[in-house]
Amino acid sequence: LNRGWYVRPTVFADVRNDMTIAREEIFGPVLSILPYEDEEEAIRIANDTPYGLSGYVSSTNLERARRVASRLETGMVHINNASLDALAPFGGYKQSGNGREWGSLGIEEFLETKSIYGYDAAAD
């Protein structure tokens with residue numbers, strides 16, 4: 001890795017949600033730490049973005065993690081190091097994508113549906 005445009009893993013502390021690093025999708029070895037006071041503030045901060053590809057919730061209380069995950073405005077949420085599932089839909093919310101890949105919803109992206117009007121209802 002002595003040639004090319006590589007970035008070492010980097011951690012940014014004390015990030016505020018009005019900073020560019022917190023507002024844009026960064027695809028690289030970067031972690032931004034945004035402090036919060038309680039669960040409600042954490043959810044508000046997480047959802048305060050025009051993007052929503054994926055989120056992550058870590059908790060020793062699985063029910064709490066699931067509750068928080070259900071409120072995140074992202075296409076995918078990983079709880080406690082859960083890995084990807086190729087049978088589950090992959091895709092984001094907001095400006096992080098349109099449509100889904102993988103799973104049955106991903107296959108539907110390749111289908112064309114047609115409605116034809118003017119037929120009588122089928123008789124039994």
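**Pockets and core of a predicted model**

Thirteen residues, given as 13 in the count, line the second largest pocket, and Met76, Val77, Asp85, Ala88 and Pro89 lie nearest its centre. A pocket here is an open set of points on a 1 Å grid over the protein atoms alone, where a 1.4 Å probe fits, with protein on both sides within 12 Å along at least five of seven lines; lining residues have an atom within 4 Å of a point. The lining of this second largest pocket has nine nonpolar, three polar and one charged residues.

The model is predicted: local features need pLDDT of at least 70 and side-chain atom pairs pLDDT 80 or more, while totals for chains, interfaces and linings use all residues. Residues are numbered from 1 along each chain as its sequence is written, and side-chain values use heavy atoms, without hydrogens and water.

The largest pocket is lined by 37 residues, with Ser32, Ala46, Ser54, Gly55 and Tyr56 nearest its centre. Elements giving two or more residues to this lining include helix 1 (20-23), strand 2 (30-32) and helix 2 (39-47). Helix 2 gives the most, five residues. Helices (H or I, at least four residues) and strands (E, at least two) are DSSP runs, numbered from the N terminus.

The largest nonpolar core consists of seven residues: Ile43, Val57, Ala65, Val68, Ala69, Leu72 and Ile79. Helix 3 supplies the largest share of this core, three residues. Such a core joins buried (under 20% relative accessible area, 1.4 Å probe, protein chains only) Ala, Val, Leu, Ile, Met, Phe, Trp, Tyr and Cys residues through side-chain atoms within 4.5 Å.

How values were computed: Ala, Val, Leu, Ile, Met, Phe, Trp, Tyr, Cys and Pro count as nonpolar, Asp, Glu, Lys and Arg as charged, and the others, Gly among them, as polar. Buried means under 20% relative accessible area, exposed over 50%, partly exposed in between (1.4 Å probe, protein chains only).
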